[in-house]
Amino acid sequence: MIRVLLAEDQGMMRGALSLLLGLEEDIEVVAEAATGDQVLPQALATNPDIAVLDIEMPGRSGLEAAADVRRALPACRILIVTTFGRPGYLRRAMEAGASGFLVKDGPVEQLAAAIRRVLAGEQVIDPGLAAAALRSGPNPLTDRERELLAAAADGATVSDLATRLHLSESTVRNYLSSAIQKTGTRNRIEAVRAATEHGWL
C-alpha cells in the first residue's frame, strides 16, 4: 500500500480527496492535516511514503511544510496540488524538494496516477504550468525584497514596516524601490500584486 499524508485546509475538499484516494486499491490515506503547522508532526507520527500538500494553508505554507518534511524524512516524496498554478510556486516547490506539482482542476484519477509515478521516482509536473514557468524566468526578488513586499501587502506604511522588521526607513524604501523596479511596476501595491500573480511571494 502507498501511505499518503494529505494536507488541505478546506475540510470538504480534504474529505473528498481522502475518500476518493481511499477507493484506490493501492493507496491508503494515513494522515490528514488542515494547517501547514500540522504537516510535520503528522508526517513524523505516520511516516508516509508521500505527502500531498496544498500551498496556501494557515500557519506554514505548503512550500515551507514540504521543506520541513524533506529535511526530517528524506525518503518521503512530496506532491504539491494547488488551485494556484503560478510559475513562481512551481519553482519554489522544486527548490523545496517536491517531486510533483499539479493544479487541482484535474480528475482524481490524475492525482492517483501522479502519486504512483512520483513514488516510482518520476517528476510529475502540470505541462501548462511547466511551459509558463519556462517563459516567466526565475524569481528576480531577493529574500529580503520578498519579505518586504509580503509585509507591505496589508497597506502598512514605511514607518510601520521599519518598526515591524527592525530596519531603518531608508533601508525599507530602498528594498521596496528595488522590488518595484524588478517587477516593472509603478508602486508597491502593483509590485505586491505582480509578485503574487507570479507566485514569487
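1. Basis. The model is predicted, with residues numbered from 1 along each chain as its sequence is written, and local features need pLDDT of at least 70, side-chain atom pairs count only at pLDDT 80 or more, while totals for chains, interfaces and linings use all residues. Side-chain values use heavy atoms, with hydrogens and water left out.

2. Sheet. Six strands make up an open sheet with parallel pairing, in the order β2-β1-β3-β4-β5-β6. The edges are held by β2 and β6 (124–125), each with a single partner strand, so one side of each has no neighbour in the sheet. Strands (E, at least two residues) and helices (H or I, at least four) are DSSP runs numbered from the N terminus; two strands pair if DSSP finds at least two bridges between them.

3. First unit. β1 (residues 2–7) pairs with β2 (residues 27–33) in the parallel sense over six bridges. Within this pairing, Leu6 stands opposite Glu32 of β2. Together with helix α1 (residues 11–22), β1 and β2 make a right-handed β-α-β unit. Right-handed means that, with the strands pointing away from the viewer, the path from the first strand over the helix to the second runs clockwise.

4. Largest pocket. Its volume is about 450 Å³. Of the 20 lining residues, Ser61, Glu64, Arg92, Arg146 and Leu201 are the closest to its centre. A pocket is an open set of points on a 1 Å grid over the protein atoms alone, with protein on both sides within 12 Å along at least five of seven lines; a cavity is a set where a 1.4 Å probe fits but cannot get out; lining residues have an atom within 4 Å of a point. Grid points are joined across faces, edges and corners, and a volume is the space filled by probe spheres set on the points.

5. Pocket lining. Helices α3 (62–72), α4 (87–95) and α7 (143–152) each supply at least two residues, and α3 gives the most, with five. By class the lining has eight nonpolar, two polar and ten charged residues. Here Ala, Val, Leu, Ile, Met, Phe, Trp, Tyr, Cys and Pro count as nonpolar, Asp, Glu, Lys and Arg as charged, and the others, Gly among them, as polar.

6. Cavity. The count is one cavity of 30 Å³ or more. The largest cavity has a volume of about 40 Å³. Its lining consists of Leu6, Ala7, Glu8, Leu17, Val52, Leu53, Asp54, Val81 and Lys104. The elements that give two or more residues to this lining are β1 and β3. Six of the lining residues are nonpolar, none polar and three charged.

7. Positive phi. Most residues other than glycine have a negative phi. Asn47, which is not a glycine, has a positive phi of about 50°; Asn47 is in the loop between α2 (36–46) and β3 (50–53). For His166, in the loop between α8 (158–165) and α9 (169–183), phi is positive and near 55°.

8. Accessibility. Asn47 counts as partly exposed because its relative accessibility is 49%, whereas His166 is exposed at 72%. Buried means under 20% relative accessible area, exposed over 50%, and partly exposed in between (1.4 Å probe, protein chains only).

9. Ser99. Where in the chain is Ser99 found? Ser99 is in the loop between α4 and β5 (100–103). Ser99 is buried, with a relative accessible area of 9%. Leaving aside neighbours within four places in sequence, Ser99 is in contact (heavy atoms within 4.5 Å) with Arg77, Ile78, Val118, Glu122, Gln123 and Val124.
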